[in-house]
Amino acid sequence: KKRKRENAERLMDDKLSENGDQAALQLTDLRQKMWRAFENPHTSTAALVFYYVTGFFIAVSVMANVVETVPCGSRPGRAGSLPCGERYKIVFFCLDTACVMIFTAEYLLRMFAAPNRYKFVRSVMSIIDVVAILPYYIGLGITDNDDVSGAFVTLRVFRVFRIFKFSRHSQGLRILGYTLKSCASELGFLVFSLAMAIIIFAT
């Protein structure tokens with residue numbers, strides 16, 4: 001009886017370990033498929049749809065940032081024009097919220113599927129993603145106070161980094177980025193030389 005019980009327990013342990021290994025393999029396979037889909041959207045229809053959806057929201061976000069600064073009439077009782085971002089504040093907030101939700105979901109999914117998450121978090125594109133969505137979440141915690149409104153306006157400037165998200169959707173921009181990265185020291189020397197020339201001729 002003891003031997004039968006021990007054998008039964010061993011069989012149960014083996015089955016559990018096999019099930020655990022299968023679950024781990026399935027999870028790894030899922031992550032590999034997701035990462036392959038992110039890096040090469042043409043591998044499947046779903047990946048291609050997600051690729052175009054994120055590209056659409058990037059374009060919408062960039063256009064919204066531009067339209068926010070366009071004058072939409074005069075300020076009541078004040079001199080100067082009223083930007084569209086202040087006149088239609090709720091509309092732009094809802095639009096920004098939708099875009100940020102898409103960008104956040106994309107970032108979290110990429111981080112989940114990344115083969116090396118530490119390397120992914122330190123990558124340039126990952127930093128751009130974080131900088132692009134961070135002002136929104138910080139802005140949610142900032143109250144309508146004159147003392148912090150200036151800091152929030154400065155923080156909103158970082159939303160311009162969303163335009164760099166297009167580099168994921170453009171092979172030409174990626175090649176340009178790799179070229180600039182490989183020539184960083186030469187470009188640094190060129191910028192330094194130009195700065196020195198400007199300072200010398202300006203004095």
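Reader: At what angle do helix 2 and helix 4 pack, and how far apart are their axes?

Author: Helix 2 and helix 4 pack at about 140 degrees, and their axes are 10 Å apart. An axis here is a line fitted to C-alpha atoms, for helices over the stretch in contact, and angles run from 0 to 180 degrees between N-to-C directions. Before we go on: this is a predicted model, where local features need pLDDT of at least 70, side-chain atom pairs count only at pLDDT 80 or more, and totals for chains, interfaces and linings use all residues. Residues are numbered from 1 along each chain as its sequence is written, and side-chain values use heavy atoms, with hydrogens and water left out.

Reader: Why are helix 2 and helix 4 called oblique to each other?

Author: Set the angle of about 140 degrees against the cut-offs: under 35 degrees is roughly parallel, over 145 roughly antiparallel, 65 to 115 roughly perpendicular, and the rest oblique. Helix 2 and helix 4 are therefore oblique. Their crossing is also left-handed, a word used if the near helix is turned anticlockwise from the far one by less than a right angle (right-handed if clockwise).

Reader: What makes helix 4 and helix 6 oblique to each other?

Author: The axes of helix 4 and helix 6 cross at roughly 140 degrees and come within 10 Å, so this pair is oblique too. Helix 4 passes helix 6 in a left-handed crossing.

Reader: How many helices and strands does the protein chain have?

Author: There are 9 helices and 2 strands. Helices (H or I, at least four residues) and strands (E, at least two) are DSSP runs, numbered from the N terminus.

Reader: How do you know that Ile 58 is buried?

Author: Buried means under 20% relative accessible area, exposed over 50%, and partly exposed in between (1.4 Å probe, protein chains only). Ile 58 has 0% relative accessibility, so Ile 58 counts as buried. Ile 58 sits in helix 2. Across the whole protein chain, buried residues make up 23% of the 203 residues.

Reader: Which residues form the largest nonpolar core?

Author: The core has 8 residues: Phe 57, Ile 58, Val 62, Cys 99, Val 100, Phe 103, Ile 133 and Tyr 136. Helix 2 (45-67), helix 4 (89-113) and helix 6 (124-140) are the elements that give two or more residues to this core. A nonpolar core is a set of buried Ala, Val, Leu, Ile, Met, Phe, Trp, Tyr and Cys residues joined through side-chain atoms within 4.5 Å. Among the members, Ile 58 and Phe 103 are 45 residues apart in sequence and 8.4 Å apart in space, C-alpha to C-alpha.

Reader: How many aromatic pairs does a search of the whole structure find?

Author: The search finds 7 aromatic pairs. Rings of Phe, Tyr and Trp (its six-membered ring) pair if their centres lie within 6.5 Å; planes under 30 degrees apart count as stacked, over 60 as edge-to-face and the rest as tilted.

Reader: Why is the pair of Tyr 136 and Tyr 137 called edge-to-face?

Author: The ring centres of Tyr 136 and Tyr 137 are 5.4 Å apart and the planes are at 85 degrees, so the pair is edge-to-face.
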